[in-house]
Structures are given as structure tokens and as C-alpha cells.
Amino acid sequence: MSEERETRLFMISPGSMLTPDQMVRMIHSFGDEVLVKETCYGCLVEGPRDLVIAVRDKIRENYRNEVFTKVRAYPCSDPRRCRAQHGTRPGFAQLEMEWELLARIQYGLAQVEKGAVYVPAKEKKRISVNDFKKICEVQQ
Amino acid sequence: MKIFIDPPNSLVLFDLVERFGHQPLSTMAAIQERVDNIEVDMPPMNVTLDDVVKGLKYAGVEVPSGVRGRLAMWGPLIEEADAAIVMDDCPYSFGCVGCERSNLMVKYLLKRRGIPVLRVSYPENDEQAVNFVAQTKEFLEGMK
């Protein structure tokens, strides 16, 4: 991965009360020399990798389970991707699907922090022939 | 440790892997290298000759070029990975859509490498989401 430039996408969970505008103002208030672009789902942050990681950590301190993040391959406002510059924005379908999932993941993270553990699903068993016969007889 | 995620462009898996202290190996990083360093029009739609040759390592010449192109990007990541998390039963438009054969090939390559692989189901409700997060956390903490 390039050490020079990192563009990160921050997406707010639908279960959060935070708005993209509030998040962008918060990132500006950190005072790091990064480029911040507000979007409908959250924001994009671009800059040297160590600064972007620092911004990520500060956001996590305040909104631990409400803001999710991943790296974005293309820079902010790249004409090949940015819709404002008539780009195709091909990744948006995936982001939309993930956005729907985030409220559940937020709930899952909160429960795990409270001590929830993995419970394997019960194995499905085949019923015996006699039980199956009884079911069939009842339905007749 | 380096964890390969499948779907390789998933925000949720990328975030969870980072959150629990590992380095996710994703498509985005592979594409970023091409965006920053290679003069091609629009990666990953456009590839170089080297990519096509790289893809031949993971899929035969008779395999459609789309599969080879995808594997040229994901194959080196799988080789680099110490472990992997695979999400099964995703909705149609979740993940890299367009080629189910590539997705099957990725699962095959992971199996052939013999690294620890966690298979999780797409969470359909809150209860499954708790199980999904807990399972992922246990797996990732066990990898340290």
C-alpha cells in the first residue's frame, strides 16, 4: 500500500445520531492537515497515511461503534469516480448494501462489548420415520 | 497479521479486521497501487499485460479473461495472507458482483493454501449480527 497517500471513506451507521456535517466539523477541529470531503453517507479523508490513521483513531475514540471505515482506492474528486465531476461512481451499489447492514453490526459490537459470546446455531437433525408418519396422519 | 477478506471490497469486514488489530488485505489497496503507479486509464477495468500473465498463475488459459483479470488482483493478496474471513450467503449485490466463478475460485485458492479461514454467514437480523461480530472477534483475537 502506498505510504504517500491514503484516502479513507468514513460511513455513519443509520443507528447513529451523528450527521455527516457534524463529523466533518469534528475532523476539521482536530487540526490535522488532511483533505476532508463531506458526502451523503459520511465523509472522505485524504492525506499522508499516518495523519489519516490518526484521524481514524480520534473518530473511534468519540464514536466507537457508530462510524465505520475502509480505504478507498481512488483519490477524492477523481473524475473517473466522482459523481460531481460526472464520474460513474460504480462502487455505490456496494456502499448502499453495506449501509443497510451497519445498524446491525453496531448493535452486534455493542453487545459483544457487554460480554456477548458466539453461540453456534443448533444443528438440524432428520426426524425419525415414525415421527414423520405421525405428522402425515395428523394432516390427513 | 495479514487477513484476506472476501468479499474483498467489504467495508464491514475491512473495519472489523482493523478494529480487532490486524491488517486487512482488500481489493482497494491493490487498486490503489495501480491508480498511483501505473499509467492505465481506469483500473481495475483496464489491465496491463503483466496482470494478464499474473492471472495465468491462478487460472488456466481457457478460463474467461474476466476471471483471470480478477485473480491477477486477488491472487497475490491470497498468497500474502496469513488467514482469511469469508462471508457466505450474501445478497446478490453485496461484494464484487459479476462473476460467481471468480468468487468460487477465490474460495478454492484459500482452501489450497491451507491457511485458517473463518466462514461466516451474512447477518439477517440482530441476533445473527451479534453472533457474526463475536465469531469474528474470537477468530481474530485467536490469531494474535
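## Two strands make a pair

Two strands count as paired if DSSP finds at least two bridges between them. With that in hand, we can start with chain A of this predicted model. Strand β1 of chain A, residues 6-12, is joined to β3(A) by 6 bridges, and the two run antiparallel. One of the residues involved is A:Met11, whose bridge partner in β3(A) is A:Gly42.

## The sheet of chain A

Strand β3(A), residues 42-47, also pairs with β2(A), residues 35-38: 4 bridges join them, again in an antiparallel arrangement. Here A:Glu38 has A:Cys43 as its bridge partner in β3(A). The two strands form a hairpin, with 3 residues between β2(A) and β3(A).

Put together, chain A has an open sheet of 4 strands in the order β2-β3-β1-β4, with antiparallel pairing. The strands β2 and β4 of chain A stand at the edges with a single partner strand each, so one side of each has no neighbour in the sheet. From one strand to the next, the twist averages 20°. A helix from the other chain joins the picture here: α1(B) packs on this sheet and touches β1 and β4 of chain A, its direction making about 100° with that of β4(A).

A:Val24 lies in helix α1 of chain A, which covers residues 20-30. Which residues does A:Val24 touch, leaving aside those up to four places away in sequence? They are A:Val36, A:Glu38 and A:Cys43.

A:Val24 counts as partly exposed, because it has 19 C-beta neighbours inside 10 Å, while a buried residue needs 20 or more. For a sense of distance, A:Val24 and A:Thr88 are separated by 64 residues in sequence and by 24 Å in space, C-alpha to C-alpha.

## Where the chains meet

The contact between the chains takes 28 residues from chain A and 29 residues from chain B. On the side of chain A that touches chain B, β4 (67-72) and α3 (92-114) of chain A each supply at least two residues. Which element gives the most to this side of chain A? It is α3(A), with 12 residues. By type, the residues on this side of chain A divide into 17 nonpolar, 5 polar and 6 charged.

## Helix α1 of chain B

The helix of chain B that packs on the sheet of chain A deserves a look of its own. Helix α1(B) spans residues 11-19 and is mostly covered, with 8 of its 9 residues buried. Among the buried residues are B:Leu11, B:Leu13, B:Phe14 and B:Leu16, and also B:Asp15 and B:Glu18. Just after this helix, B:Gly21 takes a positive phi of about 85°.

## The sheet of chain B

Chain B has its own open sheet of 4 strands, in the order β2-β1-β3-β4 and with parallel pairing. At the edges stand β2 (23-25) and β4 (117-121) of chain B, each with a single partner strand, so one side of each is left without a neighbour in the sheet. Neighbouring strands here are turned by 25° against each other on average, direction ignored.

Within this sheet, β1(B), residues 2-6, runs parallel to β2(B) and is joined to β2(B) by 3 bridges. B:Ile3 stands opposite B:Pro24 in β2(B). Helix α6 of chain B, residues 126-142, packs on the sheet, where it touches β3 (83-88) and β4 of chain B; the direction of α6 makes about 175° with that of β4(B).

## Two crossing helices in chain B

Two packed helices are described by the angle between their axes and the distance between the axes. For α3(B), residues 49-56, and α4(B), residues 65-80, the angle is about 85° and the axes are 7 Å apart. That makes α3(B) roughly perpendicular to α4(B).

Residues of α3(B) in this contact include B:Val52 and B:Leu56, while α4(B) brings residues including B:Leu71 and B:Ala72. The contact residues divide into 4 nonpolar, 3 polar and 3 charged.

## How confident is the prediction?

For chain A, the mean pLDDT is 89, and 96% of the residues reach 70 or more. Where in chain A is confidence lowest, and where is it highest? Confidence is lowest in α4(A), residues 129-139, at a mean of 86, and highest in α1(A), at 95.

Note on methods
Residues are numbered from 1 along each chain as its sequence is written. Chains are lettered from A and ligands numbered from 1 in the order in which they are written. This is a predicted model: local features need pLDDT of at least 70, side-chain atom pairs count only at pLDDT 80 or more; totals for chains, interfaces and linings use all residues. Axes are lines fitted to C-alpha atoms, for helices over the stretch in contact, and angles run from 0 to 180 degrees between N-to-C directions. Two residues are in contact if their C-beta atoms, placed from the backbone, lie within 7 Å. Ala, Val, Leu, Ile, Met, Phe, Trp, Tyr, Cys and Pro count as nonpolar, Asp, Glu, Lys and Arg as charged, and the others, Gly among them, as polar. A residue is buried if 20 or more other C-beta atoms lie within 10 Å of its own, exposed if 12 or fewer, and partly exposed in between; C-beta atoms are placed from the backbone. pLDDT is the predictor's confidence in each residue, from 0 to 100. Angles under 35 degrees count as roughly parallel, over 145 as roughly antiparallel, 65 to 115 as roughly perpendicular and the rest as oblique.
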